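Welcome! Take a look at the structure below, and then let us walk through some of its features together.

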Amino acid sequence: MNSSRQPAAERPRARNTDRSLARRAELIAIGRKLFADRSYDALSMDDIARQAQVAKGLIYYYFQSKRGYYLAIVEDSVADLVSFASSGLTHAPVDRVHRTMDAYLRFAEHNQAAYRTIVSGGVGFDAEVQAIRDGVREVIVATIAEGAYGRGDIGPLARMGLFGWVCSVEGATLDWIDRPVLSRDIMRELLVKMLGGAMRAIEELDPAYVTPEPARRDN
């Protein structure tokens, strides 16, 4: 990503006071709305400052650059998804999977530009955005494994099966937000049934990982 920066001498580090943290959070909330359906390159720092109705220097003060601001917005957006995906451990496994998929699709639907950036790994090669994406993948794999097998530390075959499913979810979701001909409910059910297929394949290759009852073919 290209970033416009001020000279280092003009970029003091924001202090972590309650007031500064609240102001930073407010700027991130504004940025989430601005970038909800626009890509990184679609907005200049002047555009952002004008639409946010703040001085451009204030954004530099808290985030040092346009890229720093955008990464903070992406991380904050993803934190909501990760938090929801890892919650609900008291729910039945099938309910937990449905909750996770529903939250995932809602996030993609309402944060399309950010979702595309995360899944594609950023503009060009962006190691930080890729790290955010990889973190989301691992959280979802661990969440599904915990619900299906009662533990998150699964073997390499089971992990690869679930990881492959997560990657297929990303591709299907990208196509869905581009061509939303299916309702979110139908899309969620389709992805959940695809997960059942992945779990049955895992069990066939490694019987130690028994497919949960709701996903078995004999139900």
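This is a predicted model: local features need pLDDT of at least 70, side-chain atom pairs count only at pLDDT 80 or more; totals for chains, interfaces and linings use all residues.

## Around helix α7

How far apart are the end C-alpha atoms of α7? They are 32 Å apart, which agrees with the 33 Å that its 23 residues should span at 1.5 Å a residue.

## The largest nonpolar core

In soluble globular proteins, nonpolar side chains tend to be buried together. Here, the largest nonpolar core has 57 residues. The members that touch the most others are Ile48, Ile59, Phe63, Ile144, Tyr149, Leu162 and Trp165. Helix α7, which covers residues 127-149, gives the most to this core, with 9 residues.

Which residues does Ile144 contact, once neighbours within four places in sequence are set aside? They are Val97, Leu162, Trp165, Leu195 and Met199. Of these partners, Leu162 and Trp165 are also on the list of core members that touch the most others.

## Two loop residues with positive phi

Now turn to the loops. Gln53 sits between α2 (45-52) and α3 (56-63). Its phi is near 60°, a positive value in a residue other than glycine. Gln53 has a relative accessible area of 72%, so it counts as exposed, the cut-off being over 50%.

The loop between α3 and α4 (66-85) holds Gln64. Gln64, again a residue other than glycine, has a positive phi near 70°. With a relative accessible area of 27%, Gln64 is partly exposed.

Definitions and conventions. Residues are numbered from 1 along each chain as its sequence is written. Side-chain values use heavy atoms; hydrogens and water are left out. A nonpolar core is a set of buried Ala, Val, Leu, Ile, Met, Phe, Trp, Tyr and Cys residues joined through side-chain atoms within 4.5 Å. Buried means under 20% relative accessible area, exposed over 50%, partly exposed in between (1.4 Å probe, protein chains only). Helices (H or I, at least four residues) and strands (E, at least two) are DSSP runs, numbered from the N terminus. Contact means heavy atoms within 4.5 Å. The expected span of a helix is 1.5 Å times one less than its number of residues.
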